[in-house]
Every structure is written in structure tokens, then in C-alpha cells.
Amino acid sequence: MRLRKKHWAIPEMEQNPYIFFEPEEYKGKWKNVFGNENSIALEIGSGKGSFIMQMSKREPNTNFIGIEMETNAFVYAARKLADEECFNARGISINAEKVEEIFDKDEVERIYINFCNPWPKKRHHKRRLTHTRFLEKYKNILKKGSEIILKTDDRPFFEDSIEYFKEAGFELLVCTFDMKLEDYPENIVTEYESKWRSRNIPICHLVAKYK
């Protein structure tokens, strides 16, 4: 069921200094926004912001930027970043299609994609955030040697994603169809991940390196 649009979400986020609605003007200048030379990690599809908020606290010497176009969810991420005073995290309310307009070449050093829409119908596969069409975009903003980290509960989507990464010339460093928490103590369990694990649905996980 589609959620009713929260008409107050955008006005609220526009008053939040952690959220950017016109990020194109900062292309190539994101380190100026953070006021340091630390590396930039990007989460595409930040939802309600639990992951990026926790990562920013875990890695204070990394700058985190979350992208989310669904304002119904992102307004809660915006609140988290402000309430927790996440000095090294920012949010962008925009479609991931525009990443090349937002970031310059070599500006990003890590990308996280957590439980994104698997777009199961074949005619929609090009909308997948791991499709080769998107991977080519990411390659234009990533430094060589950077990594993309993917987690999903959807095995068919994951299997297709493996092929997308190979086709785009990425090297798979990690690839598992059943991510055991005891093997990944550093893993942050998101809201979606907790939901699927409670139903005994295996979590698929990969780390792909941009060579």
C-alpha cells in the first residue's frame, strides 16, 4: 500500500541544515561542506536514516552522504541527523539517477546499497540501483579501488546483481547468499534487515571493488 504523502515533510527538511535539495552546486566541493579532507562514503537509498546515522558515529573521520528520493521516509532520517548532531553526515533528497550531476570524478570512495527496491519485473530491471546502467554512473564518481557494498533479502535480484557487477568490470571481494551475523560483527542491522532476519530469510551480501 502506498503511504499517504506527508505534505509537511519537504518544508520541514528545507529548514534542516543537514539536508540539501539543490546539491548540484556542491559538485566537486563536498569536502568544503564538511570542512575537511576526509573521504566521502555514499549511501544510496537511505530510507529513515538508521544506517547512515550509526555509520557516521562509528567512523567520525569519514564523511557520509545519504541519498533518498522518498521524502515520506527521509524526513525521519533528517530528524535523526539533526537530533544526533551527526557533524560528518548530510542528506540529499534527489533521485539516484542524478549522481553524476552531484559528485565529481573521484569524489566518492565508498557506496552502500541496503535493501533497495529489487524491481522484479524484467521491464523494470534498468531501474535497479545495481544495474549496469547505474554502475557505469557510479564509476564516474568513484575513485579507483573504491568499493560498493550491497545487502538484500531478494536472491533473484542478488544473482542478477552479481552479473551486473561482473559485466561492469568490478571485482567481487565478498559474495555470500547467507550473511551470518557472527561472521560480520561490524555489520549494522537496519530496520529492513531485522525484519527479514526475524522471518529467517537469508541476507545476501557482496562487496565489489572498482578496479
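**From a ring to the sheet**

Guide: The charged end of R155 sits over the ring of F177, 4.0 Å from its centre; such a placement is counted if NZ of Lys or CZ of Arg is within 6 Å of the ring centre and within 35 degrees of the ring normal. This is a predicted model, in which local features need pLDDT of at least 70 and side-chain atom pairs count only at pLDDT 80 or more, while totals for chains, interfaces and linings use all residues. Residues are numbered from 1 along each chain as its sequence is written, and side-chain values use heavy atoms, with hydrogens and water left out.

Helix α7 (residues 155-167) lies across β6 (142-152), β7 and β8 (204-210), and runs at about 155° to β7; contact here means heavy atoms within 4.5 Å, and the angle, on a scale from 0 to 180 degrees, is taken between N-to-C directions of axes fitted to C-alpha atoms, for helices over the stretch in contact. Helices (H or I, at least four residues) and strands (E, at least two) are DSSP runs, numbered from the N terminus.

The sheet itself is open and mixed in its pairing, with eight strands in the order β1-β4-β3-β2-β5-β6-β8-β7, where two strands pair if DSSP finds at least two bridges between them. At its edges stand β1 (19-20) and β7 (170-176), each of which pairs on one side only. Strands of a sheet pair through backbone hydrogen bonds, either parallel or antiparallel.

Five of the five residues of β3 are buried, so the strand is largely enclosed by the rest of the structure; buried means under 20% relative accessible area, exposed over 50%, and partly exposed in between, with a 1.4 Å probe and protein chains only. Both of its faces are covered, with N63, I65 and I67 buried on one side and F64 and G66 buried on the other.

On one flank, strand β2 (residues 40-44) pairs with β3 in the parallel sense over five bridges, and L42 has I65 as its bridge partner in β3.

Two loop residues complete the walk. D106, in the loop between α5 and β5, has a positive phi of about 65° although it is not a glycine, and it is partly exposed at a relative accessible area of 34%. N200, in the loop between α8 (191-198) and β8, has a positive phi of about 60° although it, too, is not a glycine, and at 69% relative accessibility N200 counts as exposed. Most residues other than glycine have a negative phi.
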